[in-house]
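Dear colleague,

My notes on it follow.

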Amino acid sequence: MDKLIITAALTGAEVTREQQPALPVTPDEIARAAEECAAAGAAIVHVHARYPDGTPTQDKAIYAEIIEKIRARCDVIVQVSTGGAVGMTAAERLAPVELRPEMATLSMGSVNFGDDVFLNPPADMEHFLHTMKEFRVKPEFEIFDAGMLHSLQRWINKGVVAGPVHVDLVLGVPGAMAGTPESLMFLRSQLPHGATWTVAGIGAAQLPLAAMAIALGGHVRVGFEDNVWFRKGELATSNAQLVARIARIAREIERAVATPGEARALLRIES
Ligand code: KMH
Ligand code: ZN
């Protein structure tokens, strides 16, 4: 079985300091959290930027500062968000891709997102794809619901995406596919040929779905973007605490954890 790639989703666009006092918000805080997560076993950090007051932003200069500060501290794959926050324009969301990070997310369709709608019309998705190709950024395809995997398969069939692809199965967003073992097993059965996959369980789904992915040969995403709790009623003290637990579980069942260099090779990221 391939070594386990752990992604730390450090900040997200929605979680607040009120919900999670240890949420990293400034570039310095995000870079420090990235370094702690890398030391705990993360090979990838999924990054969202915020203004100093906590408001989500896709400001290129803030992403540049975050990336520079992370690189000064440690070796880890930086994956920028192109999801941003609900309501942002496509152009706004794409801005950090121009910085040529190693990876960026690409959401494969529109979905209800709590009380909001996360809009990803086909024309925008194609524009995101072409921009990532232009800047040689490896996409991680975000799958919130089953139809999104079929959209990705259509792109592969049309030849606009060359496999093998890397996908993130995001399970448990209110309005999207449930964070259950059955959802994970179904999506796994529908993966494009040769795809690598990670699972991001939301809230209480994070740990059980991560444990499944470790056993099944998938990869794992944890972090405050998706879940602020360590266990029921007990907030996590840091993103690194969540990463360390995944690395510990993996080691216990004899699945080795990938370094950033090993993750680049597994995901065919050109450095
Ligand atoms: N904040 C969500 C609306 C991504 O990073 O690409 C979208 C999101 C996905 O977080
Ligand atoms: Zn995100």
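**Zinc site**

Along the chain, the donors of the zinc ion (ligand 2) follow the spacing H-x1-H-x176-E. Donors here are N, O and S atoms within 2.8 Å of the metal (3.2 Å for Na, K and Ca), and sites may look incomplete because water is not among the atoms. His-46 (NE2), His-48 (NE2) and Glu-225 (OE) coordinate the ion at 2.1 Å. His-48 lies in the loop between β2 (44-47) and β3 (49-50), and Glu-225 in the loop between β12 (219-222) and β13 (229-231), so the pair ties together parts that are 177 residues apart in sequence. Strands are DSSP runs of E of at least two residues and helices runs of H or I of at least four, numbered from the N terminus. Both His-48 and Glu-225 are buried (under 20% relative accessible area; exposed is over 50% and partly exposed in between, with a 1.4 Å probe and protein chains only).

**Pro-121**

Pro-121 is found in the loop between β8 (116-118) and α4 (122-134). Its relative accessibility is 32%, so Pro-121 counts as partly exposed.

**Basis of the values**

This is a predicted model, in which local features need pLDDT of at least 70 and side-chain atom pairs count only at pLDDT 80 or more, while totals for chains, interfaces and linings use all residues. Residues are numbered from 1 along each chain as its sequence is written, chains are lettered from A and ligands numbered from 1 in the order in which they are written, and side-chain values use heavy atoms, with hydrogens and water left out.

Yours sincerely
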